[in-house]
Amino acid sequence: MTTTAATGAPTVAPEHHRGVRPPSLLRLTGVELRKLADTRAGLWLLITIGLTTAVIVVLQLAYADEADQTFATFFVPSLFPVGLLLPVLGILSITAEWSQRTALVTYALVPRRERVVAAKLVTVVLAALASVLASLAVAAAGTLVAGAIGDGGQWRFDETLLLNAVVFQVANVLMGAGFGLLLLNTPLAIVSYLLLPTVWSILGEVVPALRGPAGWLDTGRTMEPLFGGDLTGEQWGRLAVSLLVWLAVPLAAGLVRTLRREVA
């Protein structure tokens, strides 16, 4: 509280002088988690991810040989369709602010845009980890059912597979978020994410001169060893290089664009 020189009347100090703290990253993350389910597209995408995981296990129970109905064989196949959907979730978490015209409100309430972006990235990483837990849960359920109705149900599982599954899903969702930050347009980001790596993969197969670089830059190839046992140093190196191109570069460039873009 201060007084004016002319009248001596008390004046109220401006809001930023009264120690008002910006919302914490934890609070912003909670807001972003609610946003994932607030929109119809985000809600149905989450539902689809859960149903897809369960359907894969049901199909294996119905058609796979009993000898192949193990915890690992239930777990790994459930990761791949979810790995295709998670990047779309990452894209929507970023681009929804611009397509629904809520960016003006969001960045007016939290002017430091990098805090909002950080919260969104934490949110999609949590969603990826939750998808791995969902795959573990349905794989466990499938193993129990296989043991109850037949001779399957073996609990063979390599612990490194869990770490590799986390790397796989987190990398996928962050690649989607990177494309969303870079393009800030939902249809364009989804099409670009699905099309560009696919075109590169095809070129790597049909153009002899690109086969060598494709072994380092094609995420389809560099991620494949994640489910084949322990990775060698060279395989980790190839994975790191491909993620640098398809994940780190879009994230960095997209962050710069998001921080500088005018909100209309």
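# Close-up views of a predicted helical model

Figure 1. The protein has 10 helices and 2 strands, where helices (H or I, at least four residues) and strands (E, at least two) are DSSP runs that are numbered from the N terminus. This is a predicted model, in which local features need pLDDT of at least 70 and side-chain atom pairs count only at pLDDT 80 or more, whereas totals for chains, interfaces and linings use all residues. Residues are numbered from 1 along each chain as its sequence is written, and side-chain values use heavy atoms, with hydrogens and water left out. Read from the N terminus on, the order of the elements is β-β-α-α-α-α-α-α-α-α-α-α.

**Figure 2. The overall dimensions and surface of the protein.** The C-alpha atoms fill a box of roughly 90 × 50 × 35 Å, taken along the principal axes. The radius of gyration of the protein is 23 Å, while a compact globule of 264 residues would have one near 18 Å; this radius is taken over C-alpha atoms, and the globule rule is 2.2 Å times the number of residues to the power 0.38. Buried residues make up 39% of the 264 residues, where buried means under 20% relative accessible area, exposed means over 50%, and partly exposed is in between (1.4 Å probe, protein chains only). The protein exposes about 14200 Å², of which carbon and sulfur atoms supply 68%; accessible areas come from the Shrake-Rupley method with a 1.4 Å probe, and for residues only the protein chains shown count as cover.

**Figure 3. Helix H6 and the residue that follows it.** Helix H6 (residues 159-183) has 25 residues and reaches 37 Å from its first C-alpha to its last, which is close to the 36 Å expected at 1.5 Å a residue; the expected span is 1.5 Å times one less than the number of residues in the helix. Just after H6, Leu-184 takes a positive phi of about 55°, and this residue is other than glycine. Leu-184 sits in the loop between H6 and helix H7 (186-206), and because its relative accessible area is 6%, Leu-184 is buried.

**Figure 4. Arg-101 in the loop between helices H3 and H4.** Arg-101 is found between helix H3 (71-99) and helix H4 (103-109), and although Arg-101 is not a glycine, its phi is positive, at about 60°. Is Arg-101 buried or exposed? Because its relative accessibility is 65%, Arg-101 counts as exposed.

Figure 5. Thr-53 is found in helix H2 (residues 40-63), and it counts as buried because its relative accessibility is 1%. Which residues does Thr-53 touch, not counting residues up to four places away in sequence? They are Ser-78, Val-82, Ala-134, Ser-135 and Val-138, where contact means heavy atoms within 4.5 Å.

Figure 6. With a relative accessible area of 1%, Thr-123 is buried, whereas Leu-126, at 38% relative accessibility, counts as partly exposed. When residues up to four places away in sequence are not counted, Thr-123 touches Thr-29, Glu-32, Leu-33 and Leu-36, and when its neighbours within four places are left aside, Leu-126 is in contact with Thr-29 and Leu-33. The C-alpha atoms of Leu-126 and Leu-33 are separated by 8.9 Å, although these residues are 93 residues apart along the chain. Thr-123 and Ser-93, which are 30 residues apart along the chain, have C-alpha atoms separated by 8.6 Å.

Figure 7. Val-167 lies in helix H6 and counts as partly exposed, at 23% relative accessibility. Leaving out residues up to four places away in sequence, Val-167 touches Leu-226 and Leu-239, and its C-alpha atom is 9.2 Å from that of Met-223, which is 56 residues apart from Val-167 along the chain. Phe-227 has its place in the loop between helix H9 (219-223) and helix H10 (233-260). Apart from its neighbours within four places in sequence, Phe-227 is in contact with Val-76, Leu-79, Phe-80, Leu-161, Ala-165 and Phe-168. Phe-227 and Thr-160 are 67 residues apart in sequence and 9.3 Å apart in space, C-alpha to C-alpha.
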